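User: I would like to go through this model by question and answer, with the terms defined as we meet them.

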Amino acid sequence: MKSCILCQSPQSKTVFDENGIPILECQNCGHVYSSYEQEEHYEGYWDGAEQTYDLEWWDNAHRAVYSDFIGTYLNEPKGNLLDVGCGLGFFVKAVLTNKPGWTAVGYEISKQAVKFANEQNGMKTVYAGLVQDSKLPKESFDIITLWDVIEHIPKPHSLLTYLHGLLKPGGVLFLQTPNFPIQLAKANLKVKLRGMKEGVHYLEAKDHVNNYKMSTLAELGKQCGFIKPEYKVLMPILSVSGSKSKFAVYVKLAYYFFTKLVFTLSFKTINWNNTLFLTLKKP
């Protein structure tokens, strides 16, 4: 990308270089984005001829955060939920299992992931394709969720504006994405300790083409017609990528409780959690 998606300024500075791919920060508004030119609707994340899925990660490790979400946001006895970029369908399954009064629909561009969701996960309300092509009825959903989606989309305004139209008045948009300042600190620490190496997760410059802070993610929502941004700190994924260590999970949990305490004591102004959890409302 050549300019900032939030303010269109071409003025930027490099804040991290990931194996030759600069990650840039807008000098006008502070939004961070990758210089890598990713296609708008990349379908290869889940696909591959020999693709297998780590169900310990995608299912078991996510159950705690999904449960926390359901307990926090789905307090009404019934409602309609749409999960955009639903992957293998485990979140849709969690909603339908734990909230039988709710309907839950998922859309995912990867046909291979949807095949798994339909055939292996038993999710008959998960569909393949772009949600923008779904012809879902306007103002029909109480809440729309995007789990680890928004950072993958080069130009997200058109998607969020479309989702705004699908929400009922007063409906909620939920966005979950890595917390860039914390991820940058971790990436810099990895480089300092081990140097820059191929195949190591730093900031995932080819996949995470937009990187959000609290201020810039809320600003994106505002530009798409949403109001009342509110952040929370939810449970983490109970696994550490690339590690089977239970001790690492305990460390991750301890860090979660620490960041939640700091967030609370700072009146929701200091967010050191690894992940941003944002809700926005449709007027």
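User: In which strand does Thr177 lie, and is Thr177 buried or exposed?
Analyst: This is a predicted model, in which local features need pLDDT of at least 70, side-chain atom pairs count only at pLDDT 80 or more, and totals for chains, interfaces and linings use all residues. Residues are numbered from 1 along each chain as its sequence is written, and side-chain values use heavy atoms, with hydrogens and water left out. Thr177 lies in strand β8, where helices (H or I, at least four residues) and strands (E, at least two) are DSSP runs numbered from the N terminus.

User: With which residues is Thr177 in contact, leaving aside its neighbours within four places in sequence?
Analyst: Contact here means heavy atoms within 4.5 Å. With those neighbours set aside, the partners of Thr177 are Asp148, Ile150, Glu151, Tyr212, Leu217, Thr275 and Leu276.

User: What is the strand order of the open sheet formed by seven strands, and which are its edge strands?
Analyst: Two strands pair if DSSP finds at least two bridges between them, and in this sheet the pairing is mixed, with the order β6-β5-β4-β7-β8-β11-β10. Each edge strand pairs on one side only, and these are β6 (126-128) and β10 (227-232).

User: Which helix lies across β8, β10 and β11, and at what angle does it run to β11?
Analyst: Axes are lines fitted to C-alpha atoms, for helices over the stretch in contact, and angles run from 0 to 180 degrees between N-to-C directions. Helix α5 (residues 157-166) lies across β4, β7 (141-147) and β8 (167-178), running at about 145 degrees to β8. The helix asked for is α7 (residues 214-223), which runs to β11 at about 30 degrees.

User: Which residue stands opposite Lys13 in β2?
Analyst: The open sheet of four strands has the order β1-β2-β3-β9 with antiparallel pairing. Within this sheet, six bridges join β1 to strand β2 (residues 21-26), and the residue opposite Lys13 is Glu25.

User: What N to O distance is found in the salt bridge of Lys13 and Glu25, and how many residues apart in sequence are the parts that the pair ties together?
Analyst: A salt bridge is a side-chain nitrogen of Lys or Arg within 4 Å of a carboxyl oxygen of Asp or Glu, and the whole structure holds seven of them. Lys13 is partly exposed at 42% relative accessibility, whereas Glu25 is buried at 15%. Their side chains meet at 3.8 Å, N to O; because Lys13 lies in strand β1 and Glu25 in strand β2, the pair ties together parts whose separation in sequence is 12 residues.

User: Which residue forms a salt bridge with Lys268, and where does that partner lie?
Analyst: Lys268, in the loop between α8 and β11, is linked to a distant part of the chain, 38 residues apart. The closest N and O atoms are 3.2 Å apart, and the partner is Glu230, in strand β10.

Terms used
Buried < 20%, exposed > 50% of the residue type's maximum accessible area, 1.4 Å probe, protein only.
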